[in-house]
Amino acid sequence: MSNHHDHIAHDTHEHEGMDKKGIWKVFFILLALTGLEFLIALGFVHHWGILHKGTFLNIIYIALTLVKAYYIVAYFMHLKFEKSGFILSVCIVFVFIIYFIVLMLIEGGYLHDHFTHQPIFPHK
Amino acid sequence: MNTTVSQLDKVKDGPWSGGKSPWNLEYGKIMMWFFLVSDAFTFSAFLIYYGAQKYAQPTWVDADKIFQSIPGIAESGQPLVFVGIMTFILIMSSVTMVLAVDAGHRNKKDEVVKYMLWTILGGILFVGCQAIEWTHLHHQGFWFGRNPATGLTDQNAIVEALSPYFSKEISYTAALQFSNLFFTITGFHGFHVSIGILLNIIILCQTLNNTFQNRGSYLMVEKVGLYWHFVDLVWVFVFTFFYLI
């Protein structure tokens with residue numbers, strides 16, 4: 001039984017990974033990243049026309065999104081402060097998602113070639 | 001009297017015999033995490049399919065031309081502004097949720113109530129914004145299984161109906177695929193937000209009812225908080241793939 005109490009005490013102690021200041025810091029990082037996305041989309045692409053929509057820009061957007069996802073999962077969802085075994089067990093399965101993305105891009109590329117040769121546009 | 005306990009009945013206390021939680025996490029919290037991982041798979045599958053369609057089609061709609069209104073302020077010419085407000089609302093409500101969890105750790109009931117109320121307000125505002133957006137698109141002719149050109153027979157009429165939404169070539173199929181996937185994915189996300197609001201309200205009632213105070217831990221707030229952050233996380237991806245790219 002004493003073991004159980006130990007566990008609870010330890011638990012509450014571990015949660016001091018983030019205080020109010022830390023929370024607001026993460027919020028401002030997320031806000032800045034979103035702001036950067038808007039700056040690129042509205043400023044660089046629409047207003048000044050320096051950048052154009054394409055693969056390069058998509059990679060930047062996806063990279064920024066992944067950074068935002070990291071901050072939400074690591075700090076807001078507190079995953080960074082969990083045991084490494086748990087972090088691993090939650091994250092490792094996303095290997096399948098990466099595999100699925102690669103698979104669907106190959107499939108999409110194949111379909112793309114065929115749609116371009118035999119367009120199905122516009123029909124009723 | 002034999003007081004010796006058989007090997008089988010001994011209380012297990014070793015780290016490898018069930019006496020210690022290897023992850024130092026409560027059971028319900030682990031299960032919430034595993035549920036969220038499986039939910040992430042569902043959303044990933046949706047978004048990957050969307051990406052694959054967009055990649056496979058010779059042409060695709062221009063997001064900036066579809067989402068360019070701010071309801072009640074500007075009818076057109078303002079891409080990203082309205083969805084930016086929605087994104088801000090959801091991130092903000094995620095922050096108030098963390099603050100509620102943080103207040104729970106310090107056993108401050110009043111603070112938990114205050115932050116939960118803000119979180120619920122944020123959730124309701126978000127769903128409201130999404131309802132406005134859906135209504136707007138529905139008025140333009142987008143809906144499950146239809147796009148603005150559905151029902152038209154004349155080739156020129158079809159081109160005319162769809163041309164406002166394309167920068168490149170026009171494709172009826174692409175517009176239809178976009179319409180279906182947009183309503184399915186944002187609908188599924190909105191459904192998650194609605195469930196989240198419901199859970200938040202339940203948690204708020206339990207907090208007001210002193211349930212967690214008596215239990216001595218606000219762990220339940222944390223578990224619902226995980227769900228709420230996940231909803232925010234999904235929106236970050238939906239925002240990128242539907243509105244930015």
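## Exercises on the helices of chain B

The crossing of α1(B) and α6(B) is left-handed. Keep that pair in view as you work through these exercises on a predicted model.

**Exercise 1.** Find which residues make the contact between α1(B) and α6(B), and work out how the two helices are oriented relative to each other.

*Solution.* Start with the residues. On the α1(B) side they are B:F46, B:L47, B:Y50 and B:Q53, and on the α6(B) side B:Q177, B:L181, B:T184, B:I185 and B:F188. Sorted by class, this set holds six nonpolar and three polar residues, with no charged ones. Next, take the axes: they come within 11 Å and cross at roughly 165°. Angles over 145 degrees count as roughly antiparallel, and α1(B) and α6(B) are therefore roughly antiparallel to each other.

**Exercise 2.** Repeat the analysis for α1(B) and α8(B), from the angle between their axes to the classes of the residues in contact.

*Solution.* Begin with the geometry this time. The axes of α1(B) and α8(B) cross at roughly 10° and come within 10 Å. The cut-off for roughly parallel is an angle under 35 degrees, so α1(B) and α8(B) are roughly parallel to each other. Now look at who meets whom. The residues of α1(B) include B:M32, B:W33, B:L36 and B:F43, while those of α8(B) include B:L226, B:Y227, B:F230 and B:F237. Charged residues take part as well, among them B:K29 and B:D39 of α1(B) and B:E222 and B:K223 of α8(B). The class count for this contact is 13 nonpolar, two polar and four charged residues.

**Exercise 3.** Describe the fold of chain B as a whole, using its elements, its dimensions and its contacts.

*Solution.* First, count elements: chain B has eight helices and zero strands. Second, check the dimensions. Along the principal axes, the C-alpha atoms fill a box of roughly 95 × 40 × 25 Å. Among contacts with a separation of 6 or more, 72% join residues 24 or more positions apart.

**Exercise 4.** Work out which element of chain B gives the most to the side that touches chain A.

*Solution.* Take the interface first: 44 residues of chain B are in contact with 50 residues of chain A. Elements giving two or more residues to this side of chain B are α1, α3, α5, α6 and α8. Of these, α3(B) gives the most, with nine residues. Finally, the classes on this side of chain B are 25 nonpolar, 15 polar and four charged residues.

Definitions and conventions
Residues are numbered from 1 along each chain as its sequence is written. Chains are lettered from A and ligands numbered from 1 in the order in which they are written. This is a predicted model: local features need pLDDT of at least 70, side-chain atom pairs count only at pLDDT 80 or more; totals for chains, interfaces and linings use all residues. Helices (H or I, at least four residues) and strands (E, at least two) are DSSP runs, numbered from the N terminus. Two residues are in contact if their C-beta atoms, placed from the backbone, lie within 7 Å. Axes are lines fitted to C-alpha atoms, for helices over the stretch in contact, and angles run from 0 to 180 degrees between N-to-C directions. Angles under 35 degrees count as roughly parallel, over 145 as roughly antiparallel, 65 to 115 as roughly perpendicular and the rest as oblique. A crossing is left-handed if the near helix is turned anticlockwise from the far one by less than a right angle, and right-handed if clockwise.
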